[in-house]
Amino acid sequence: MTLRALEPQDLELLYTIENDREQWQVADTNAPYSRYDLENYILSQQHDVYADKQLRLVVCDDKGSGVGLVDLFNFSPANKRAELGLAILKSERGKGYANKALQLMSEYAKKTLHLHQIYCIVPEDNEVSLAMLHTASFIDDTLLKEWLATPEGYKNCYILFKYL
């Protein structure tokens, strides 16, 4: 499994993940993206976390096919931290890709970007993600009450930190 930069051939992967309505509540999105908009996004990236304030990489299986995305965003060079996001295609979940992507991105954040910490915001009912993050040495010491508005009502979230 590897991580690599977005390529034009990743348009369908990006389209599928960005337009998954189940992910919208955690992604602060409320409208679908067009293929045109996503193609322009891919083409306009500078691939410089300092310029873009974000780094989005494709999670690839052993054959090089994209199975998900991992992001560092809300990048703060002054404070040496960034927020981490991870999305794996539903058909590819449970195969260890998320764990390995988290490990690789953590190493990159520490060794290449020299970050002090990365953090995630996770709904308290997302037990699978919380367990994975705890296994990867993330600490959940803060509960954000009624943090996400959902069709079912407000959800509490944990903010989890990993010190690198």
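K95 is partly exposed, with 48% of relative accessible area, and its side chain pairs up with that of E92 in a salt bridge of 3.0 Å, N to O. The model you're looking at is a predicted one, and salt bridges are a handy way into it: the count comes to seven. Let's start with the chain as a whole, then go through some charged residues.

**The whole chain**

- The protein chain has six helices and seven strands, and along the sequence they come in the pattern β-α-α-α-α-β-β-β-α-β-α-β-β.
- The radius of gyration is 15 Å, close to the 15 Å that the globule rule gives for 164 residues, so the chain is as compact as a globular protein of that length.
- If you follow the C-alpha trace along its principal axes, it spans about 40 × 40 × 30 Å.
- Buried residues make up 41% of the 164 residues.
- Take the contacts between residues at least 6 apart in sequence: 56% of them join residues at least 24 apart.

**Helix 1 and its buried face**

- Helix 1 covers residues 11-18, and its buried residues are L11, L13, L14, I17 and E18.
- Looking down the helix axis, you'd see these buried residues fall within an arc of 165°, so they line one face of the helix.
- Here's the background: an α-helix has 3.6 residues a turn, so residues three or four places apart point the same way.

- R4 and D10 form another salt bridge, at 2.7 Å from N to O; R4 is partly exposed at 23%, while D10 is buried at 3%.
- Back to the opening pair: E92 is buried, with 17% relative accessible area, whereas K95 is partly exposed.

**E83, a buried charge without a salt bridge**

- E83 lies in strand 4, which runs over residues 81-88.
- E83 is buried yet has no salt bridge, and the nearest side chain of opposite charge, R81, is 8.8 Å away.
- What E83 does have is a polar contact of 2.7 Å between its side chain and that of N74.
- Leaving aside neighbours within four places in sequence, E83 is in contact with D71, L72, F73, N74, Y119 and I121.

Key
Residues numbered from 1 in each chain as written. Predicted model: local features only at pLDDT ≥ 70, side-chain atom pairs only at ≥ 80, totals over all residues. Heavy atoms only, no water. Buried < 20%, exposed > 50% of the residue type's maximum accessible area, 1.4 Å probe, protein only. Helix = DSSP H or I, 4+ residues; strand = E, 2+ residues; numbered from the N terminus. Arc of directions from axis to C-beta. Lys, Arg positive; Asp, Glu negative; His and termini not counted. Salt bridge = Lys/Arg side-chain N within 4 Å of Asp/Glu carboxyl O. Polar contact = N/O pair within 3.5 Å; in protein donor to acceptor, adjacent residues only side chain to side chain. Contact = heavy atoms within 4.5 Å. Rg over C-alpha atoms; globule rule 2.2 N^0.38 Å.
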